[in-house]
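Dear colleague,

Please find below the structure that I am handing over to you. My findings follow directly after it.

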Amino acid sequence: MEKTDVKNLTLEGLENFIAGLGKERFRAKQIFKWLYQMDARSFAEMTNVSKEFRSQLEEIALISNFDPEAVEASEDGTRKYLFRLADGSAVESVLIPDEGRNTLCISSQVGCAMGCAFCLTGTFGLSRNLTTAEIVNQVCAVKREQPVSNIVFMGMGEPLANLSAVIPAVKILTDPDGFQFSTRKVTVSTSGLVPEMAELGRGATVNLAVSLNATTDEVREKIMPVNRAYPLKDLLAACKAFPLPSRRWITIEYVMIRDLNDTLEDAKRLVRLISNIPSKVNLIPFNEHEGCEFKSPPQETIDRFHKYLLDKNVTVITRSSRGGDISAACGQLKGRLDQQAGKTDGEE
């Protein structure tokens, strides 16, 4: 019989699992706290659970864990982790320190099927979805060596294409008996899967970030194939309808690409597009990588775009490039290590 990985279960799921064994439901909270607050890596560590029950759990359940295969540390404090999965696949997480907080960017899929033209991960294609356990284990592994204050689902993959694992992961992250992150500290990003945005809003209380990256359907379709299915009009309507707790904003992510979406006309259109959506804008200068023809705009172009938004009373930040010395763009570490492994295999 295949053992149940308890890290795939929300607290409610664990309660049901334990009730099915004829045990009291409160045992689930004990186990949950051991997993996510005390980082137990085995049932044997759970000293307030009877030896008999621990032995029973050992027979039918398991606690999966990650240890990073590679860690790269940048001069600016950014740390990149590569995790090798049980099937040999690999995913990345990036810890970004900034103004007193440590934001951990985690992955939700192995590769990605969205095919955004500016994204390195998209060139790998989609291998598979991550399980809930594989998502939360990224957080467990990083927290062992560094404090983590914020979580963003902005690593490899499209989180909304894997909601069956992402929503339970969000619940574990924000559960008072789990990781105890405030819902204000957890953000899920999407390239614009409109029906799934509504499903996420129904299934979890979480911040939403939307990768807009263009102000016309013509340009957005060139760089983001998802726009053919869900054009700007539909995407912005879904943003407006997304259930936000009081005083929360949707984050509009805007990757700035030289001579494509970086003009003042784009800035003007962007202001009009988001005028009736409670939102803030993250301007992200394109992170150049090998094999991609796109370039980052000059700093003066970025500054002009930023100033225009600011002058129109848009809340905006320009995200500084981080971890440039450690290939911190999503997928770069995996790509480099896979390439090295390929060379080694070839030499043998």
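Cys 292 is found in the loop that runs between β13 and α11. The model is a predicted one, and every value in this message was computed from it. Cys 292 has a relative accessible area of 15%. Because the cut-off for a buried residue is under 20%, Cys 292 counts as buried. Leaving out residues up to four places away in sequence, Cys 292 touches Ala 117, Phe 118 and Phe 286. Ala 117 is 175 residues away from Cys 292 along the chain, yet their C-alpha atoms are separated by 8.3 Å.

Gly 291 also belongs to the loop between β13 and α11. Is Gly 291 buried or exposed? With a relative accessible area of 84%, Gly 291 is exposed. From the C-alpha atom of Gly 291 to that of Ser 127 the separation is 21 Å, and these two residues are 164 residues apart along the chain.

Gly 201 is part of helix α6, which covers residues 194-203. Its relative accessible area is 17%, and Gly 201 is therefore buried. Which residues is Gly 201 in contact with, leaving aside its neighbours within four places in sequence? They are Phe 242 and Pro 243.

Helix α10 consists of residues 264-273, and its buried residues are Asp 266, Ala 267, Leu 270 and Val 271. Why do these residues lie on the same side of α10? They cover an arc of only 140 degrees around the axis, which places them on the same side of the helix. As for their surroundings, the buried residues of α10 pack against β12 (250-256), β13 (279-285) and α11 (299-311).

Arg 144 sits in the loop between α4 (132-143) and β9 (150-153). Its relative accessibility is 29%, so Arg 144 counts as partly exposed. When residues up to four places away in sequence are not counted, Arg 144 touches Asp 39, Arg 41, Asn 65, Phe 66 and Asp 67. One of these, Asp 39, is 105 residues from Arg 144 in sequence, while the distance in space is 8.0 Å from C-alpha to C-alpha.

Gln 180 has a positive phi of about 70 degrees, although it is not a glycine. Gln 180 is placed in the loop between α5 (163-174) and β10 (186-190). Asn 313 is not a glycine either, and its phi is positive at about 65 degrees. Where is Asn 313 placed? It is in the loop between α11 and β14 (316-318). Asn 313 is exposed, since its relative accessible area is 72%.

Finally, I describe the chain as a whole. It has 12 helices and 14 strands. For 348 residues, a compact globule would have a radius of gyration near 20 Å; the chain has 21 Å, and so the two agree. The C-alpha trace spans about 70 × 55 × 40 Å along its principal axes. Of the 348 residues, 53% are buried. Among the contacts with a separation of 6 or more, 65% are accounted for by residues 24 or more positions apart.

The accessible surface of the chain amounts to about 15900 Å², and carbon and sulfur atoms contribute 48% of it.

Yours sincerely,
A colleague

Notes. Residues numbered from 1 in each chain as written. Predicted model: local features only at pLDDT ≥ 70, side-chain atom pairs only at ≥ 80, totals over all residues. Heavy atoms only, no water. Helix = DSSP H or I, 4+ residues; strand = E, 2+ residues; numbered from the N terminus. Rg over C-alpha atoms; globule rule 2.2 N^0.38 Å. Buried < 20%, exposed > 50% of the residue type's maximum accessible area, 1.4 Å probe, protein only. Contact = heavy atoms within 4.5 Å. Areas by Shrake-Rupley, 256 points an atom, 1.4 Å probe, with all protein chains shown as cover. Arc of directions from axis to C-beta.
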